[in-house]
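Dear colleague,

Please find the structure below.

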Amino acid sequence: MVDAKLGSPRTDEPTRHPWIWFVYVALFAAAIPWYLPPEAASTTWLGFPLWVTLSLVATFAIALFTVYVIGRFWSEDE
Amino acid sequence: MSSIPLGYGAVAFTGVYLLAMVGIGFLAKSKREGDSLSDFYLAGRSLGPFVLVLTLYATQYSGNTVVGYPAEASRLGYAWIMSVSFMMAIVVGYLLYAPKLQRVARRHGFVTPGDWVDYRFGSNRLSLLTNVLLVVSIANYLLAQLMAMGHIVAGISGNLVPYWVGVTVLIFVIIIYETLGGLRAVAWTDVLQGGMLFVGLLGLLYVAAPGPSHWQALTDWLSANAPEKTAIPSREVQTRWLSTVLLIGFSGSVYPQAIQRIYAAKSARALKRSLQCMIFMPLVTMPVVVLVGLVGLRRFTGLTGIAADQILPMLLAEWAQQSVWTYLLAVLVVTGTLAAIMSTADSVLLSLSSILSKDFLGKSVLAGASEKRLTTVGKRLSWLVMAALASIAFVPRMTLWGLLELKMEILVQVSPIFILGAMWDRLDGRAAFYGMLVGAVLASGFALGGVGGFGGFHTGLVAWAINVAICVGLSFVLAGEQPGDHSPARKNG
């Protein structure tokens, strides 16, 4: 899928790597507490309900992964 | 102190801040390198990573973030921590199209979002529809900022400075520095405004709940008095969370003012560095905002609807009475909040002005006009737009979050032409037009008809899914037509 108007084979970008988007789906899914039972709300961690802390950890992982993706899969050819 | 909750010190500090904004406007004017559209609207494509990250931050984090979101946290409880994920989704959304768009825009000298549509699809009607939807969406957004200005000023001054006076004065300051220096002035004021917002938020964290022991005390109070605020969100709220991540991720990343910052980056490297910083901003911003909302809930139980938008002003007024330090922090926070609102409003106004001038008038009554003429007309349009929106802002009818959601439902319909258009070279201009038209009509119809959602998903997102299905399906159908058909994408490819 290389279009003369839109890019060249030399230019790399995140949309050329489908696995990146599967990782994003998994990380965003982890940020939503659908996998925890209701009784987990009574547990706190660092002052927040456990599910809130887990959500923040997942979003921190999204941030770190994004730094990696931008650095590794976005070429700077002008 | 009894009539003005933050006293004359706050008035003086705000006055110095507003004068500094105008001063930066004059400085930016002195650095202008001509009257071209790209010099005025894109700062001559000269923004480095430091300015980019602060201008993106100040633009994305708005009056709604500081005034509307604590109110939302007080309604939803800890579930509003979803705001971290949906603000991050905007940066992830950029990765779908910004690498390609930045490269093409630089090569072909794009100024407005419509330039991409013209280049990629070569379709006048698609370009017109895109610009109409963008203008409707961001005019709505600008209106929300103007209302937020009025709320902050009225709350802090104890209504001594009426809502409408706050709106009017700040409009004049914004429009003066913006017409003086264009994006250069807007981006440079954003550096100061973004910095003030960031420091103000740290101040908020310090006063509201600075560490784990305070967070624990807050959680314990909520568990005892409002257990639904600490409970794991219901399936319905979880679905809304997912829907909001998708809606904001796809719509927030195609804000015209964000797209124009992609164009204004001085290089791909500068843009990459700025996004690598931006991805962390939700983590240092939104938890503070959620905590403030919950502290406000504990302090002023029973706030609902429009009154909940007054949580932050009421907290600041109260903290200002406690000690000199909390007074100074309250002054800093309120000025930082004003800065957040103004920095979003100025960017949106500049984008509106560029679209109206270059894409609407420049293609009709001013076709063939010089760039200098279009720039001058754009400045005059800024005054007209602000006057029209101010007259609406004087009679607020909805909460701030309600305004934002309505805007996102329309804006998200534009995203396929940027995201799919950059990713998939077979996307046909006619398919994109019909997809966007159907998506926009459905989203508007659902909103006007009072349809709240489908199984927890936003109606705008459902309309967007239909939009994307039409884009893809119709592109395949049209690709089966004879070579030499009417497809603008093919024609120009």
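How much area do chain A and chain B bury between them, and what part of it is on carbon and sulfur atoms? The two chains bury about 4,500 Å², 70% of it on carbon and sulfur atoms; buried area is the accessible area (1.4 Å probe) that two parts lose on being put together, summed over both.

This is a predicted model, in which local features need pLDDT of at least 70 and side-chain atom pairs count only at pLDDT 80 or more, while totals for chains, interfaces and linings use all residues. Residues are numbered from 1 along each chain as its sequence is written, chains are lettered from A and ligands numbered from 1 in the order in which they are written, and side-chain values use heavy atoms, with hydrogens and water left out.

The contact (heavy atoms within 4.5 Å) takes 44 residues from chain A and 53 residues from chain B.

Salt bridges

A salt bridge is a side-chain nitrogen of Lys or Arg within 4 Å of a carboxyl oxygen of Asp or Glu. Over all chains, the structure holds 14 salt bridges, and four salt bridges are counted between chain A and chain B. One of them pairs A:Glu13 with B:Lys100, with the closest N and O atoms 3.4 Å apart. A:Glu13 lies in the segment before α1 of chain A and B:Lys100 in helix α6 (residues 98-108) of chain B, so this pair joins two chains. Helices (H or I, at least four residues) and strands (E, at least two) are DSSP runs, numbered from the N terminus. Another salt bridge links the side chains of A:Glu76 and B:Lys272 (2.9 Å, N to O).

The side of chain A that touches chain B

The elements of chain A that give two or more residues to this side are α1 (18-31), β2 (48-49) and α2 (50-73). The largest share, 14 residues, comes from α2(A).

Helix packing

α2(A) packs with helix α13 (residues 268-278) of chain B at an angle of about 170 degrees, their axes being 9 Å apart. Axes are lines fitted to C-alpha atoms, for helices over the stretch in contact, and angles run from 0 to 180 degrees between N-to-C directions. α2(A) is therefore roughly antiparallel (over 145 degrees) to α13(B).

Yours sincerely

How values were computed:
Parallel < 35°, antiparallel > 145°, perpendicular 65-115°, else oblique.
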